[in-house]
Amino acid sequence: MLSIKMLGQVNISCNGVNITDKMSTKQIALICLLVLNHDREMNREKLCAYLWPDSDEEAARYNLRYNLWKMKNLIPADPKGQNFILITKDSCRVNKKYRFQCDRLCIDSFDPHKQKSVEELLQLKELFKGDFLEGFYMKNCNEFNEIILFERVVCQTKQIEIMQKLADLYEEVNRSEEELQVLHEMMTIEPYNENFAYRILNIYKKTGNRTSAINYFKKFESKLRRELNIAPNNDLKLLYRTLTETPGSMIKDGMNRSKVEKKKLTIKTRCMKNIDFFWVADVINALLQKADRNYLMELHANYILDLSYIQNELLLQYERSVSLEHREVGKVPAVRIVNAFVKFLNHASQIYDINIHIENYNEMDPLSIAVLKHIETSSIDNICITK
Amino acid sequence: MKKDLLIINGKCLTMSDDDKEYSWMLIRDDNIQDMGWGDDYKKYIARAGKVIDAKKGTVLPGFVDSHFHVVQAALNSRSLDLSKARSFRDIGTLVSEAAKASPKRNIRGIGLDAQNLKEGRFPDRTVIDKYCKEAPVFINSVEYQTSVLNTYALLYYKIPFTLEGIDFDENQVPTGIITHYANVLLRENVLKSIPNSTRMEAVNEFLESVIKNGITTINAMEGGRLYCDKDAEFIYESAGKFTIDVVLFFSTMDIMKIKEMQLNRIGGCLYVDGTFGARTAALTFEYNDCPGNMGGLNFTQDALNEFVRECYANKLQLALYTIGDRAIEQAITAHEYALEKTGNTGLRHRLEHVELPTLDHIRRAKKLGLIFSMSPTYEHIWGGPNKLYRERLGDNYKRTNPFSQIIQEGVVICGGSDCDVTPAEPLLGIHSAVNHPVESHRVSVYEAIKMFTCNGAYSIFEEDRKGTLEIGKLADVVILDRDILSTDKKKIKDIKVMTTIKSGRILYNKLKG
């Protein structure tokens, strides 16, 4: 079957064989004009005016005749003997009986007011591989260039509409992750769209992902300020305020996640005899490497900062994902480190089933031994320690 | 071993606290090795590979230009200047000449001002198409707020047609005039598409002209709105590859990014307000030529307070762009807030431009330890009774750039050209500060030189290495064609730079040995 792709790099193929390279720019433009007007006849004079505006009438008509003939040779008739283009003395048109596919016509089938399934919308979304007739420009064909410009506007608008519809559908059926992904894609097209940003923030809020929500807002706000010198609108600011002022109103991750089976996490840790808290610091580092860092950073800041006294990676991660405010971590008493470590493990075990394997237990420093004993006697759920 | 370089017969102004003047200087490797008077230098003659006779000209520390858009200035120097166009036909003639000179090469026009055109509006794509169809033409308005493209460019560049700011004709086809959000994104796309090799080529070529004006250090204000973050990243990645020192000021509010890049300063062109030219600088009074308009602020006080506080908390030197008195007030208030909240001092924060400060602003800035980074050449171009300041500000033009009061109150001023808004000529800057149209704002020649030497070094924490001529310091040196201190003040702008030396290397020299 004949397949014509006009979105992105033009690609025309017949029964799987790419014939684009065999066609001249004018022939591609001619196909494009006929396909865009597939439901009507196109006057030969009009086609000449689009494609050979500077040639005299006779030369233009000859050029059209020649190119139609070339195309007839390139695009074979279908099994029923139907040709792709029907040619008469004064006009030509796409043959209604000839079966072919064209991405540009497919997206015309989209009507934002009519129902479409997720799968149908996904298929439509996939068609947008780039701009309409990407890389195309015909020096003296002003009218044709205007068609390209017009079509680009139409296609870009359709693309956003389709994605919006898809995001709405995902929202209806509570498929938040997919909705989020589509919205992020929409933001790459319209990076200053505050309605999209609002929806993204709202999804993070609804799914209890407070850290991501705060980070997202800050990045978006910074983008608006940096590139447009404006502040986010009031709706966005109000939503953000609910995140920073009433964290308790959000759905707790733990609550959500406790319903599902916890993910198993195995970490290997090492000891060093004469370095205080070495094993404890290694457990923290190993968890940072393997667990969801954003989730870990939801532990109260004071505990994180206490632990960062023995594990600097924690402070770096804290700065990256929560707050850049410079904090000097002064000397932290051992009792606070032990307490914070237990809170840290408790927090991690809310969503993970953790197996901590100690590779060289004999080398463990005395403070870590004390901490280990304390953990073993506290018997934290979902933590298993092997030596 | 590299041979010594000896400069003799000069008037070496050290610009240091001791206020001394020497007649010769010995440079060994990249440092100043010795300085003295009379014939003392003769003991070094045998080892000197080169001796430069300064012919009684002033010898100064290499100039520091504290506010410079290096990448955009360099790219603009290769662009088509449309600032003198007065009609569509003028634009067309210039565009077709450019197209003829470099067939099929992208044409970037700059400086187009619709107010100067007899048609009173920007041309659309069909107008530009009449003069060039063979290459994409991308024209920037003088303030970069509007872009005009021919049809080729509209199809060539990735245009975000769904964004606000696309102008359509009656057939819903884009006219090629692009503003607002779409313009921001378009500029970003276009500027990003310029390869770094082109940037490097343009910057190196441009720096040659800069060196001829005695500049050895530039504060590069790169990135941010209307410019391009890729410019800032390019300067960051090219550190040490330029013939002179280029100190990056990244105009971003992304503190996290700055920390990741391990930079210790942020800002440059973080716009607290706009410009007098566009009547967007924030004033406490109405524009003289636009009643009812007082310009505008880009931040709420709370938002700026919070951002400045974060900079203090992260111990970053901050440079905020402020022009009108209302913007200066807002910025100083934010600094007061941040200082109170964090207690962090000694970061040498800067206000850029500061064209309309009040005495109260100056005194509060002094208390906060703020530096004013100013461009004296503005006065030369816009100051006085018949120029832009008077037009926009009415009698308040007498209040602009009060250098003398600022210095008297003890606030440090570092001087910059804001190139390419004004030419990269420190001597023109010095001339402009000395010959301020308002007499009471004038400063001495010596104070004006300080703005472009020691104060410039201080404002980037480099006073230990440069900014003065002292033994052990970096040999960044400039030699003038005459004694600047005894030159008629009205003729300072005519003084020529004869020699520029950067870290002991002669980069430019018109004097014979």
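Chain B contains 18 helices and 24 strands, where helices (H or I, at least four residues) and strands (E, at least two) are DSSP runs numbered from the N terminus. The structure is a predicted model, in which local features need pLDDT of at least 70 and side-chain atom pairs count only at pLDDT 80 or more, whereas totals for chains, interfaces and linings use all residues. Residues are numbered from 1 along each chain as its sequence is written, and chains are lettered from A and ligands numbered from 1 in the order in which they are written.

The C-alpha trace of chain B spans about 85 × 55 × 50 Å along its principal axes. For 513 residues, a compact globule would have a radius of gyration near 24 Å, and the 24 Å of chain B agrees with this; the radius is taken over C-alpha atoms, and the globule rule is 2.2 Å times the number of residues to the power 0.38. Of the 513 residues of chain B, 54% count as buried, a residue being buried if 20 or more other C-beta atoms, placed from the backbone, lie within 10 Å of its own. Among contacts in chain B (C-beta atoms, placed from the backbone, within 7 Å) between residues at least 6 apart in sequence, 71% join residues at least 24 apart.

Helix α2 (residues 70-77) of chain B is largely enclosed by the rest of the structure, because 6 of its 8 residues are buried. These buried residues are B:V70, B:V71, B:Q72, B:A73, B:A74 and B:L75. Their cover includes the strands β8 (63-68), β15 (215-222) and β16 (245-250) and the helices α7 (196-211) and α8 (229-237) of chain B.

Between the chains, 27 residues of chain A are in contact with 32 residues of chain B. On the side of chain A that touches chain B, α6 (142-172) and α9 (210-228) of chain A each supply at least two residues, and α6(A) gives the most, with 10 residues.

Terms used:
Two residues are in contact if their C-beta atoms, placed from the backbone, lie within 7 Å. A residue is buried if 20 or more other C-beta atoms lie within 10 Å of its own, exposed if 12 or fewer, and partly exposed in between; C-beta atoms are placed from the backbone.
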